[in-house]
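Dear colleague,

Please find the structure below. My notes on it follow directly after.

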Amino acid sequence: SAGQAYVACSRGKDVNSIVVENFSEYQIKTSEVVRRFYATMNGKGLEFRPHTWMESLANFENSAASEARLKVTMTRAHGGRSCRLCGKPCRLRVVRKESSNRGRWFVSCPTYRKGHTWEFV
């Protein structure tokens, strides 16, 4: 997940004692705030003004409200479905794992076996 490369490297006591295996630069993620900060420091002509605490709080509240509205919408559209194989009520969930599917909604049967309902919605 985000920040794990930093955590792993920060545990080393000396550069000579660290071994990085299977490294892929494409797996390293950088926050947009950090990118803007370093672009400003490197004289790229961009202005850096970090969010204030109140702006960050407002962004969080807007994001939480938006997520709650989406959950209501998805539940109305896809909730109440039953497994096509066993008839048990399906669960409506969202992918939280760091992957290309993060944020996608899916319905699944609580019985995780081949043939039971599992699909992106």
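Thr117 lies in the loop between β2 (105-108) and β3 (118-120); strands (E, at least two residues) and helices (H or I, at least four) are DSSP runs, numbered from the N terminus. The model is a predicted one: local features need pLDDT of at least 70, side-chain atom pairs count only at pLDDT 80 or more, and totals for chains, interfaces and linings use all residues. Residues are numbered from 1 along each chain as its sequence is written, and side-chain values use heavy atoms, with hydrogens and water left out.

At 4% relative accessibility, Thr117 is buried (under 20% relative accessible area; exposed is over 50%, partly exposed in between; 1.4 Å probe, protein chains only). Its side chain reaches the backbone nitrogen of Arg84 at 2.9 Å. Leaving aside residues up to four places away in sequence, Thr117 touches Ser82, Cys83, Arg84, Cys90, Val107, Ser108 and Cys109, where contact means heavy atoms within 4.5 Å.

**Cysteines**

With a disulfide defined as a pair of cysteine sulfur atoms within 2.5 Å, the count comes to zero. Cys83 is in no disulfide, and the nearest cysteine sulfur, that of Cys109, is 3.7 Å away. Cys83 is buried, at 5% relative accessibility. Cys86 is partly exposed, with a relative accessible area of 36%.

**A further loop residue**

Ile28 is located in the loop between α1 (4-10) and α2 (32-41). Ile28 is partly exposed, at 40% relative accessible area.

Yours sincerely

Methods
A polar contact is a pair of N or O atoms within 3.5 Å; within protein, one must be able to donate a hydrogen and the other to accept it, and residues adjacent in sequence count only if both atoms are side-chain atoms.
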